[in-house]
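Welcome! Please take a look at the structure below, and then walk through a few of its features with this short briefing.

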Amino acid sequence: MRGDGYEIVIYPSFGAVESRARRELEAADVAIVTSYQADARLALSLVRESRARKIFYDLDTPVTLDLLEHEGSAPWIPTGGLG
């Protein structure tokens, strides 16, 4: 799906788009990663390395906070946190 200045890419695995994501991040002003994504930690790693403004959007903050409190981690949050 494409619009004026954006494209939505649906992919089967992060490995299938990792090289494209790296290329896109080189020219990106902003990079957004959301919670509940199976590959969020991998995507966050790439985004952290980029010069883009970094945004993490938590789709359900209460669930994330509950996981962090009771299990010590959430699958979409890096071990060292988002800071």
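What follows is a short tour of a core, a serine and some charged pairs.

Please keep in mind that this is a predicted model. The largest nonpolar core has 16 residues, and the structure holds five salt bridges.

**The nonpolar core**
- Among the 16 core residues, F14, L25, A31, V33, V47, A74 and W76 touch the most other members.
- Helix α1 (14–27), β3 and α2 each supply at least two residues of this core, and α2 gives the most, with five.
- V47 is in contact with L25, A31, V33 and K54, leaving aside neighbours within four places in sequence.

**A buried serine**
- S35 sits in the loop between β3 (30–34) and α2 (40–49).
- With a relative accessibility of 0%, S35 counts as buried, because buried means under 20%.
- The S35 side chain reaches the backbone nitrogen of L59 at 2.8 Å.
- Not counting residues up to four places away in sequence, S35 touches F56, Y57, D58, L59, D60 and W76.

**Salt bridges**
- R22 pairs with E18, with their closest N and O atoms 3.2 Å apart; both lie in helix α1, four residues apart.
- R20 and E24 also meet in a salt bridge, at 3.6 Å from N to O, and they are separated by about one turn of helix α1.
- R51 and D29 form a salt bridge at 3.8 Å, N to O. This pair links distant parts of the chain, 22 residues apart, and both R51 and D29 are exposed.
- Salt bridges that share partners join E7, R20 and E24 into one network.

Conventions: Residues are numbered from 1 along each chain as its sequence is written. This is a predicted model: local features need pLDDT of at least 70, side-chain atom pairs count only at pLDDT 80 or more; totals for chains, interfaces and linings use all residues. Side-chain values use heavy atoms; hydrogens and water are left out. Buried means under 20% relative accessible area, exposed over 50%, partly exposed in between (1.4 Å probe, protein chains only). A polar contact is a pair of N or O atoms within 3.5 Å; within protein, one must be able to donate a hydrogen and the other to accept it, and residues adjacent in sequence count only if both atoms are side-chain atoms. Contact means heavy atoms within 4.5 Å. A nonpolar core is a set of buried Ala, Val, Leu, Ile, Met, Phe, Trp, Tyr and Cys residues joined through side-chain atoms within 4.5 Å. A salt bridge is a side-chain nitrogen of Lys or Arg within 4 Å of a carboxyl oxygen of Asp or Glu.
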